[in-house]
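Colleague: I am new to this structure. Please take one part, look at it closely, and then lead me on from there to the rest.

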Amino acid sequence: MSLTIAPVKCEEKRDEQQHKSAWFQFMKSVATFRGDLTSLTAPPFLLAPRSIVEYSTYWSEHPRLLVSPAKEECPKRRALLVLQWFLSTLKHQHASRDENGKRKKMKPLNPFLGEIFLGKWVDDAGTTHLITEQVSHHPPATAYRIWNDAHGVRLEGHVSPKAYFSSTINIERQGYSILHIDKYNEDHWITMPKVHVEGIVTLQIAPELSGVSHIHSSSGYTTCINYSSKGWLKGKSNSFTAAIYPDNDESHPLFTLEGRWSDSYTIKDGKGKLLETVNLGSLRRTPLEVAPVESQHPLESRRAWKPVVDAINANDIFTTGHEKGKIENAQRALRKMERDAGKTWVRRYFSQVEEDPIAEKLAVKSKNSTSDGPGRMIWKFDEEKYKRIMENQHNGIKSPTRSRFDSGVGFLEIEEV
Ligand SMILES: CC(C)CCC[C@@H](C)[C@H]1CC[C@H]2[C@@H]3CC=C4C[C@@H](O)CC[C@]4(C)[C@H]3CC[C@]12C
């Protein structure tokens with residue numbers, strides 16, 4: 001196979017030459033792989049020093065936008081504010097370059113079962129809390145809950161990325177999120193669009209969105225967001241069009257939005273009159289505050305993965321593999337012990353439920369999207385579990401030192417708190 005490397009900056013070019021063969025080897029294994037791509041091991045130079053559980057952070061990088069619908073009396077305008085907040089979550093989640101324009105390593109670490117990620121945002125919107133937990137390893141599923149009590153807003157959801165190869169790497173995100181607004185007792189059911197990776201031949205990796213995603217509000221509004229990329233529709237990457245309409249009248253949108261989720265977009269009313277142009281790039285982001293690694297719970301992502309992340313950052317391929325292997329082997333050993341003992345891993349913050357009536361009611365409005373609809377695995381934030389953990393923390397009750405399963409592996413020697 002002959003290949004052309006697109007013109008790139010000088011220092012990037014040297015790295016890319018070096019990575020070319022590892023890359024093609026990797027792509028060959030990807031192309032012939034059948035099954036779940038998330039379990040495929042990417043070449044070290046692509047490994048991101050963070051786990052997929054950290055992706056839930058993107059939901060609330062602009063807490064002000066997340067809580068903004070709570071202050072809006074009109075349900076139509078609330079639907080618009082929910083859409084505007086949703087659009088603000090896409091750019092950095094799918095960016096291939098960081099704030100300084102430097103290429104990001106893109107392949108996130110695969111979370112282990114029980115991995116948690118906790119934090120909070122503190123800014124003029126008050127305190128917004130985040131709890132994320134890897135509730136399933138195979139198939140992968142991440143559950144999260146984000147809430148702001150001052151504004152009476154909470155977001156709860158779970159996502160199950162399903163990857164497959166078809167001319168490139170494609171990822172479907174099954175699952176959904178529900179944004180609840182206390183003041184109006186209103187729910188917004190939200191799905192995520194498909195992602196595929198562009199630029200795999202030239203190694204100019206750029207995630208792109210496609211297909212349709214939805215937001216359904218319990219007040220009777222439907223939002224459809226259509227994603228398109230280069231060579232289609234507007235001919236620009238990261239493009240989208242969105243329309244909000246009453247559930248019973250799909251032909252008369254109340255608002256239409258159009259532009260790029262990585263850049264700027266316009267909002268027009270039902271008559272096509274321009275209301276506003278929004279520049280997503282100029283939005284101020286509030287950083288998530290995460291406890292220092294030393295004081296984290298052993299299952300917290302950054303503590304558990306620290307040796308791996310340090311090795312990735314030090315460009316130490318051998319130690320990266322070795323430390324990753326330690327976690328993977330420990331997990332396998334733990335699963336075996338559970339099987340032998342006839343036990344299952346107790347999720348710390350979430351519990352599996354048979355049905356989710358709110359989601360079921362709102363999901364039926366979507367007919368033709370595979371990632372829509374309540375999946376087979378529904379995970380709900382468990383208020384009881386959370387209360388117990390908070391009470392124990394308050395009373396200074398430490399987790400028992402005895403391990404639930406004596407796996408003999410350092411960080412797994414922990415007990416339910
Ligand atoms: C291995 C090489 C080709 C790098 C390719 C980058 C891929 C693996 C990256 C680019 C964008 C990423 C996705 C972006 C957002 C999410 C949402 C999160 O809730 C689950 C993971 C998921 C779905 C990511 C999975 C990994 C991803 C698809």
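Modeller: Start at Ser 167. Its relative accessibility is 68%, and the cut-off for exposed is over 50%, so Ser 167 counts as exposed. This is a predicted model, so read each value as computed from it. Ser 167 sits in the loop between β6 and β7. Its phi is positive, near 60°, and Ser 167 is not a glycine. Most residues other than glycine have a negative phi.

Now look at the strands on either side of that loop. β6 covers residues 153-166, and β7 covers 168-181. Both strands give two or more residues to the shell around the ligand, and so does α1 (10-31). β7 supplies the largest share of that shell, with three residues.

What surrounds the ligand? The shell counts 16 residues. The closest are Tyr 55, Gln 93, Val 159, Ile 169 and Ile 171. Taken alone, the ligand would expose 600 Å². The protein buries 93% of that area. The ligand also takes up the space of the largest cavity. By class, the shell has 13 nonpolar residues, two polar ones and one charged one.

Follow β7 onward to its other end. Asn 185 lies in the loop between β7 and β8 (186-190). Asn 185 has a positive phi too, about 45°, and is not a glycine. Its relative accessible area is 56%, so Asn 185 is exposed.

Next, step back to strand β5, which holds Asn 148. Is Asn 148 buried or exposed? Its relative accessibility is 0%, so Asn 148 counts as buried. Compare its position with Tyr 55, one of the closest residues to the ligand. Asn 148 and Tyr 55 are 93 residues apart in sequence. In space, their C-alpha atoms are 19 Å apart.

A cis peptide bond joins His 138 to Pro 139, with omega about 0°. Most peptide bonds are trans.

Leu 65 gives another view of the fold. This residue lies in helix α2, residues 63-67. Its relative accessible area is 16%, and buried means under 20%, so Leu 65 is buried. Leu 65 and Trp 85 are 20 residues apart in sequence, yet 5.1 Å apart in space, C-alpha to C-alpha.

Finish with the aromatic rings. The structure holds twelve aromatic pairs. A pair of aromatic rings is described by the distance of the centres and the angle of the planes. Take Phe 112 and Trp 305. Their ring centres are 6.1 Å apart and their planes meet at 45°, so this pair is tilted. Phe 112 lies in the loop between β2 (107-109) and β3 (116-123). Trp 305 lies in the loop between α5 (301-304) and α6 (306-313). The pair therefore ties together parts that are 193 residues apart in sequence. Both Phe 112 and Trp 305 are buried. Elsewhere, ring pairs link a cluster: Trp 147, Tyr 349, Phe 350, Phe 381 and Tyr 386.

Note on methods
Residues numbered from 1 in each chain as written. Predicted model: local features only at pLDDT ≥ 70, side-chain atom pairs only at ≥ 80, totals over all residues. Heavy atoms only, no water. Near = heavy atom within 4 Å. Areas by Shrake-Rupley, 256 points an atom, 1.4 Å probe, with all protein chains shown as cover. 1 Å grid on protein atoms, 1.4 Å probe; cavity = no way out; pocket = protein on both sides within 12 Å on 5 of 7 lines; lining within 4 Å. Sits in = over half its atoms within 2 Å of the grid points. Helix = DSSP H or I, 4+ residues; strand = E, 2+ residues; numbered from the N terminus. Nonpolar A, V, L, I, M, F, W, Y, C, P; charged D, E, K, R; others polar. Phe/Tyr/Trp six-rings, centres within 6.5 Å; stacked < 30°, edge-to-face > 60°. Buried < 20%, exposed > 50% of the residue type's maximum accessible area, 1.4 Å probe, protein only.
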